[in-house]
Amino acid sequence: AIKKATGALEGVEYEEIRYEGYAPGGVAVIVDCLTDNKVRTVADVRHAFGKFGGNLGTDGSVSFMFAKRGVLWFEAGADEERITEVAIEAGADDVVVYPEDGSIDVLTSAEAFAQVKAAMDAAGLVAGQAEVTLRADNNIAVSGETAQQVVKLLNWLEDIDDVQNVYSNADLDEDAYA
């Protein structure tokens, strides 16, 4: 099993697969997987959706709601004015300040990500996190029991061995994590 997982065995081919579906409350979910056994992986993903009140969709059923974006995240207390100035000059699409916690996201196109990150680094503004990811065009607010079910589903999906990334458009309240 170890040789198989590390790729030491010949004849083992890994395949990237994307699954799409809906969690409770109409929350869109995208699950990116890397697997050597599609049958096992789809069964695990389908089981997770079913267990927590969601359903697996077809290709393209939710992906149109997401865009590939570069995101640079800065902690609360970072110099908002300076970040905004450097980011816009470097070609960023938007700078979002979250009043709840004071953190800042610099959003870029996937193509401009490296250029914007390099400009931010050169200006001494090092992001706490920086990645190209999928971001939802519009988030869906969910709360109460529905939000708790969504969190359980997302966590379960992330715990599946073949799952690489899980994306959703859930806007969860703090009670969802209780």
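**Which helix does Leu153 lie in?** Leu153 lies in helix α5. The views below start from this residue. The model is predicted: local features need pLDDT of at least 70, side-chain atom pairs count only at pLDDT 80 or more, and totals for chains, interfaces and linings use all residues. Residues are numbered from 1 along each chain as its sequence is written, and side-chain values use heavy atoms, with hydrogens and water left out.

**View 1. Leu153 is a buried residue of helix α5.** Its relative accessibility is 0%, so Leu153 counts as buried (under 20% relative accessible area; exposed is over 50%, partly exposed in between; 1.4 Å probe, protein chains only). Contacts of Leu153 beyond four places in sequence are Ala23, Pro24, Ala48, Phe49 and Phe52 (contact means heavy atoms within 4.5 Å). Leu153 and Phe49 are separated by 104 residues in sequence. Their C-alpha atoms are 6.7 Å apart.

**View 2. Helix α2 packs against helix α5.** Helices (H or I, at least four residues) and strands (E, at least two) are DSSP runs, numbered from the N terminus. Two packed helices are described by the angle between their axes and the distance between the axes. Here α2 (residues 38-51) and α5 (residues 144-159) make an angle of about 165°, and their axes are 9 Å apart. Axes are lines fitted to C-alpha atoms, for helices over the stretch in contact; angles run from 0 to 180 degrees between N-to-C directions. The two helices are therefore roughly antiparallel (over 145 degrees; under 35 is roughly parallel, 65 to 115 roughly perpendicular, the rest oblique).

**View 3. Side chains and residues meet where α2 contacts α5.** From α2 come Val45, His47, Ala48, Phe49 and Lys51. From α5 come Leu153, Trp156 and Leu157. The residues of this contact are six nonpolar, one polar and one charged. Ala, Val, Leu, Ile, Met, Phe, Trp, Tyr, Cys and Pro count as nonpolar; Asp, Glu, Lys and Arg as charged; the others, Gly among them, as polar.

**View 4. An open antiparallel sheet runs in the order β3-β1-β2-β9.** Four strands form this sheet. Strands β3 (55-56) and β9 (163-168) stand at the edges with a single partner strand each, so one side of each has no neighbour in the sheet. Two strands pair if DSSP finds at least two bridges between them. Strand β2 (residues 27-35) and β9 are joined by five bridges. Val31 has Val166 in β9 as its bridge partner. Helix α5 packs on the sheet and touches β1, β2 and β9; its direction makes about 160° with that of β9. Helix α2 lies across β1 (15-23), β2 and β3, at about 15° to β1.

**View 5. Another open antiparallel sheet has the order β5-β6-β4-β7.** It also has four strands. The twist averages 30° from one strand to the next. Strands β5 and β6 pair over four bridges, in the antiparallel sense. Val97 stands opposite Ile104 in β6. Helix α4 (residues 113-122) lies across β4 (66-74), β6 and β7, running at about 5° to β4.

**View 6. Thr108 sits in strand β6.** The strand covers residues 104-109. Thr108 is buried, with a relative accessible area of 0%. Leaving out residues up to four places away in sequence, Thr108 touches Arg69, Gly70, Leu72, Ala92, Asp93, Phe113 and Val116.
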